[in-house]
Amino acid sequence: MIRRDDIFRLFRAAEIGLDGSDLDDDKPLAAQGLDSLDLANLLFQIEQTYGLTISPEDASRLRSVRDMVDYVGARK
């Protein structure tokens, strides 16, 4: 089972300079200060950590922390 804290740990691995505790799980990450490079790095970290391949279509739907938790949880 993946939790939101697991995604926030990947923020550090992706070198994203935000503290995850300040983020709204349901609000798009782009609206909370992440740019496209941050999101790409975060998705790369998710793929590497959980052994997933995220298609471009799926990547475009992973906008929030909750989206990412649900996505990984459904595939693990």
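The mean pLDDT of the chain (the predictor's confidence in each residue, from 0 to 100) is 92, and 100% of the residues reach 70 or more. Confidence is lowest in α1, with a mean of 89, and highest in α3, at 97. The model is predicted: local features need pLDDT of at least 70 and side-chain atom pairs count only at pLDDT 80 or more, whereas totals for chains, interfaces and linings use all residues. Residues are numbered from 1 along each chain as its sequence is written, and side-chain values use heavy atoms, with hydrogens and water left out.

The secondary structure consists of four helices and zero strands, in the order α-α-α-α from the N terminus. Helices (H or I, at least four residues) and strands (E, at least two) are DSSP runs, numbered from the N terminus. The radius of gyration, taken over C-alpha atoms, is compared with a globule rule of 2.2 Å times the number of residues to the power 0.38. For 76 residues a compact globule would have a value near 11 Å, and the chain, at 11 Å, agrees with this. Along the principal axes, the C-alpha atoms fill a box of roughly 25 × 25 × 20 Å. The accessible surface comes to about 4,700 Å², and 47% of it belongs to carbon and sulfur atoms; areas come from the Shrake-Rupley method with a 1.4 Å probe, and for residues only the protein chains shown count as cover. Of the 76 residues, 41% count as buried (under 20% relative accessible area; exposed is over 50%, and partly exposed is in between, with a 1.4 Å probe and protein chains only). Among contacts (heavy atoms within 4.5 Å) between residues at least 6 apart in sequence, 49% join residues at least 24 apart.

The largest nonpolar core has 23 residues, of which Ile7, Phe11, Leu29, Leu42, Ile46 and Met68 touch the most other members. Such a core is a set of buried Ala, Val, Leu, Ile, Met, Phe, Trp, Tyr and Cys residues joined through side-chain atoms within 4.5 Å. Two or more residues of this core come from each of α1 (4–13), α2 and α4 (65–75). Leaving aside residues up to four places away in sequence, Ile46 touches Ile7, Leu10, Gly51, Leu52, Ile54, Met68 and Val72. In α1, Asp6, Ile7, Phe8, Leu10 and Phe11 are buried, and the cover over the buried residues of this helix includes α2 and α4.

Glu15 lies in the loop between α1 and α2 and is exposed, with a relative accessible area of 71%. Glu15 has a positive phi of about 60 degrees although it is not a glycine. Most residues other than glycine have a negative phi.

Ser55 is in the loop between α2 (36–50) and α3 (56–61). Ser55 counts as partly exposed because its relative accessibility is 23%. The side chain of Ser55 reaches the backbone nitrogen of Asp58 at 3.1 Å. Asp58 belongs to helix α3 and is buried, at a relative accessible area of 15%. A polar contact of 2.3 Å joins the side chains of Asp58 and Arg61; the term denotes a pair of N or O atoms within 3.5 Å, where within protein one must be able to donate a hydrogen and the other to accept it, and residues adjacent in sequence count only if both atoms are side-chain atoms. Asp58 also touches Tyr71 and Arg75, not counting residues up to four places away in sequence.
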